[in-house]
Amino acid sequence: MTIQLPAEDGRLRAYEPRATPLALATGAPFTSRTVFSAAHVVADPYADVSPDSPAAVDWDATLAFRRHLWSHGLGVAEAMDTAQRGMGLDWAGAAELIRRSAAEAKAVGGRIACGVGTDQLTGPASLAEVRAAYEEQLALVEESGAQAILMASRALTAAASGPEDYLDVYGHLLRQSSDPVILHWLGPMFDPALEGYWGSSDLDAATEVFLEVIAAHPDKVDGIKVSLLDAQREVDLRRRLPVGVRCYTGDDFNYPELIAGDEQGFSHALLGIFDPLGPLAAQAVRVLDTGDVKGFRELLDPTVELSRHLFQPPTRFYKTGVVFLAWLAGHQEHFTMVGGLQSARSLPHFARAYELADTLGLFPKPELAESRMKNLLSLYGVDQYGVNR
């Protein structure tokens, strides 16, 4: 049996789906690495909303997906970029997501860390207002019992006049945080509004400011998440971190080599690609727990082509591919996204994502994924007999 998939040149090509999925079992947390999956939200497809409306979330399906990740030993990074924070999910929705997910994590014993930002600010803001917005969100996350991830702020980027403003705002937040936090440096490829973060578009200069923040408060920084898609820069940065401060890779292009590490250290992980790769990623890390680096790479290296496809420019639309694969895998009953973001990628992009994921054996029920892919193709006017071509 084959399925006709559209290629980038507009032609149809035959693909034969695999018959059986990869055997991936649930298991206990890992011993050699701390691993978070940044999780997506499931929209409510029956809500009468527009792309400009507040997000309508299917809470049951959203929490069920988090339980799926926890069952494989992964931590959940909540209310982050993957959850469409600032791209369909506003602060009110993010706050509710944090409360519900933190309570669910406590109930099932899952690890959770939640994003702290300033997205309740909808217009120009002063530095004082930026700091107050961060404080409000930090308080909510700490009250929920989750670990805090201090995310990069569009409002701070706009308000800051130089590195000293970043040092002041982050220093204030770290001094008042109850527990060590994760600092997140998100590059402009994920959000163009973050160009020049840490006070400079020169990444070398920005790195020095970032390290100065950490050096001033090493007891309040559990780790850093670096999402710059530059493997060597991440390696250089992690080698300069104070003892005890972790590096969580956010590099969805180079994660196997960064997690495997070298003779001078390794990265932990906080990755959006570990949303669709969750069970396979978990199995790979358990192999790494035994000291088998080669076996780890043999499992995870083949996934990089899929990840690079999903995160291709415009990188910020990778969430569309993540949710698409969750639908094909049966984690949700529809392909609808908050903010209408399901329209952000092309049909050839979806077709290639399906093919790569199926080749890896990611779909628990390959026949379900094939059926849903054919349904999507029919909505675009693509039949399976070449009549339309």
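In which helix does Thr207 lie? Thr207 belongs to helix 6, which covers residues 203-216.

## Basis of the model

This is a predicted model, in which local features need pLDDT of at least 70 and side-chain atom pairs count only at pLDDT 80 or more, while totals for chains, interfaces and linings use all residues. Residues are numbered from 1 along each chain as its sequence is written, and side-chain values use heavy atoms, with hydrogens and water left out.

## Overall architecture

The chain has 14 helices and ten strands. Helices (H or I, at least four residues) and strands (E, at least two) are DSSP runs, numbered from the N terminus. The radius of gyration is 21 Å, close to the 21 Å that the globule rule gives for 389 residues, so the chain is as compact as a globular protein of that length. This radius is taken over C-alpha atoms, and the globule rule is 2.2 Å times the number of residues to the power 0.38. The C-alpha trace spans about 65 × 50 × 45 Å along its principal axes.

Of the contacts in the chain with a separation of 6 or more, 70% are between residues 24 or more positions apart; contact means heavy atoms within 4.5 Å. The accessible surface of the chain comes to about 15600 Å², and carbon and sulfur atoms account for 50% of it. Accessible areas come from the Shrake-Rupley method with a 1.4 Å probe, and for residues only the protein chains shown count as cover.

## Burial and nonpolar cores

Buried residues make up 56% of the 389 residues in the chain. Buried means under 20% relative accessible area, exposed over 50%, and partly exposed in between (1.4 Å probe, protein chains only). In soluble globular proteins, nonpolar side chains tend to be buried together. A nonpolar core is a set of buried Ala, Val, Leu, Ile, Met, Phe, Trp, Tyr and Cys residues joined through side-chain atoms within 4.5 Å.

The largest nonpolar core holds 117 residues, of which Leu183, Phe274 and Phe324 touch the most other members. Helix 13 (residues 347-360) gives the most to this core, with eight residues. A second, separate core of ten residues includes Ala38, Met151, Ile182 and Tyr248.

Thr207 counts as buried at 7% relative accessibility. Leaving aside neighbours within four places in sequence, Thr207 is in contact with Trp185, Arg233, Leu237 and Arg240. Arg233 and Leu237 are among the buried residues of helix 7, together with Ala231, Glu234, Val235 and Arg238.

Helix 7 is mostly covered, with six of its eight residues buried. These buried residues pack against helix 6, strand 8, strand 9 (246-249) and helix 8 (255-260). In the loop between strand 8 (221-227) and helix 7 (231-238) is Leu229, which is buried with a relative accessible area of 18%.

## Partly exposed positions

Arg100 lies in helix 2 (residues 91-108) and counts as partly exposed at 32% relative accessibility. Not counting residues up to four places away in sequence, Arg100 touches Trp59 and Leu63. Arg100 and Trp198 are 98 residues apart in sequence and 32 Å apart in space, C-alpha to C-alpha.

Gln342 lies in the loop between helix 12 (318-328) and helix 13 and, at 23% relative accessibility, counts as partly exposed. Apart from neighbours within four places in sequence, Gln342 is in contact with Thr320, Phe335, Thr336, Met337 and Phe350. The C-alpha atoms of Gln342 and Ala7 are separated by 19 Å, although these residues are 335 residues apart along the chain.

## Backbone exceptions

Most residues other than glycine have a negative phi, and most peptide bonds are trans. A cis peptide bond, with omega about -10°, joins Pro313 and Pro314. Pro314 is placed in the loop between helix 11 (304-310) and helix 12.

Gln84 is not a glycine, yet has a positive phi of about 65°. Gln84 is in the loop between strand 4 (75-78) and helix 2, and counts as buried at 1% relative accessibility. Leu229 also has a positive phi, near 55°.
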